Amino acid sequence: QVQLVESGGGLVQAGDSLKLSCAASGRTFNTYAMGWFRQAPGKEREFVCAIIKSGSSSYCSDSAKGRFTISRDSAKNTVTLQMSSLKPEDTAVYYCAADLGRNYGLVRTIASDYDYWGQGTQVTVSS
């Protein structure tokens, strides 16, 4: 069992930066991969970034690449999403999720592959 709690969302202007955090509890933190997804009103849940359980490799979607960075801190059992150069199209509820499946060091980008989800945190970017 994994419990996840996101924080750090808010209202910002285009071009601003924002850092989201996800606190994990339950099973040992470094035994599963973590990902960030987002969902805008009326749209499907979209992959943003993910990181393997060791933290040595990560991957982000084309829309996030170069602007967003995912990292994890084993000492604090947290995963962060550092976002910069935010755009109005980044507006969404952001969710962190835990992937307990075997992926042999590769991150997964499909929401249904993830087993546990946080409650989400709202990010709104004004133009």
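This is a predicted model: local features need pLDDT of at least 70, side-chain atom pairs count only at pLDDT 80 or more; totals for chains, interfaces and linings use all residues.

Q: Where does D90 sit?
A: D90 is in the loop between β8 (78-83) and β9 (92-99). Strands here are DSSP runs of E, at least two residues, numbered from the N terminus.

Q: Buried or exposed, that D90?
A: D90 is buried, at 1% relative accessibility. Buried means under 20% relative accessible area, exposed over 50%, and partly exposed in between, with a 1.4 Å probe and protein chains only.

Q: How many salt bridges are there in the whole structure?
A: There are 5, counting a side-chain nitrogen of Lys or Arg within 4 Å of a carboxyl oxygen of Asp or Glu.

Q: Which salt bridges involve D90?
A: One pairs D90 with R38 at 2.9 Å, N to O. That pair links distant parts of the chain, since R38 is in strand β4 (residues 33-39), 52 residues apart from D90. Another joins D90 and R67 at 2.7 Å, N to O. R67 is in the loop between β6 (58-60) and β7 (68-73), 23 residues apart from D90.

Q: What network do these belong to?
A: Salt bridges with shared partners join R38, E46, R67 and D90 into one network. The E46 link runs to R38, at 2.9 Å, N to O.

Q: And how accessible are E46 and R38?
A: E46 is partly exposed at 34% relative accessible area, whereas R38 is buried at 6%. R67 is buried too, as is D90.

Q: Switching topic: which residues touch the most other members in the largest nonpolar core?
A: In that core of 29 residues, they are M34, W36, F68, L81, M83 and Y94. A nonpolar core is a set of buried Ala, Val, Leu, Ile, Met, Phe, Trp, Tyr and Cys residues joined through side-chain atoms within 4.5 Å.

Q: What is L81 in contact with?
A: Leaving aside neighbours within four places in sequence, L81 contacts include W36, V48, F68, I70 and Y94. Contact means heavy atoms within 4.5 Å.

Q: What's in the second core?
A: That separate core has 7 residues, among them A50, A97, V107 and Y114.

Definitions and conventions: Residues are numbered from 1 along each chain as its sequence is written. Side-chain values use heavy atoms; hydrogens and water are left out. Helices (H or I, at least four residues) and strands (E, at least two) are DSSP runs, numbered from the N terminus.
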